[in-house]
Amino acid sequence: MSTLPQAHSGYFSAKDGTALFATWHASLVPARGCVLILPPFGEERKCAERLLVLSARALAAQGLGVLRFDW
């Protein structure tokens, strides 16, 4: 049974005070880099969401920290 990297979701404040939502996929080992995933907008996002989540999990399992940003 494989262990999935932990994901932490929540809001953070932008420079202008706007609340933004993101999910951080923490690496299981000390991170050797980071990846920022910016999803497409609108209808395309619905089609891409599953692949983006699976990609973020796979990258985190390979030792990269991954931030999935929500517009």
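**Exercise 1. Determine what covers the buried residues of helix H1 in this predicted model, and which H1 residues are buried.**

Solution. Start with the cover: it includes strand S2 (19-25), strand S3 (34-37) and strand S4 (65-70). Next, list the H1 residues concerned. Arg 45, Ala 48, Leu 52, Val 53, Ala 56 and Ala 60 are buried. For the spacing, recall that an α-helix has 3.6 residues a turn, so residues three or four places apart point the same way.

**Exercise 2. Identify the residues of the largest nonpolar core and the element that supplies its largest share.**

Solution. The core has 5 residues: Ile 37, Ala 48, Leu 52, Ala 56 and Val 66. H1 supplies the largest share, 3 residues. In soluble globular proteins, nonpolar side chains tend to be buried together.

**Exercise 3. Classify His 25 as buried or exposed, and describe its surroundings.**

Solution. His 25 belongs to strand S2. Its relative accessible area is 2%; the cut-off for buried is under 20%, so His 25 is buried. Leaving out residues up to four places away in sequence, His 25 touches, among others, Gln 6, Ala 7, Ala 56, Arg 57, Ala 60 and Val 66. Arg 68 is also touched, and its side chain makes a polar contact with the side chain of His 25 at 2.9 Å.

Note on methods:
Residues numbered from 1 in each chain as written. Predicted model: local features only at pLDDT ≥ 70, side-chain atom pairs only at ≥ 80, totals over all residues. Heavy atoms only, no water. Buried < 20%, exposed > 50% of the residue type's maximum accessible area, 1.4 Å probe, protein only. Helix = DSSP H or I, 4+ residues; strand = E, 2+ residues; numbered from the N terminus. Contact = heavy atoms within 4.5 Å. Core = buried A, V, L, I, M, F, W, Y, C linked by side-chain atoms within 4.5 Å. Polar contact = N/O pair within 3.5 Å; in protein donor to acceptor, adjacent residues only side chain to side chain.
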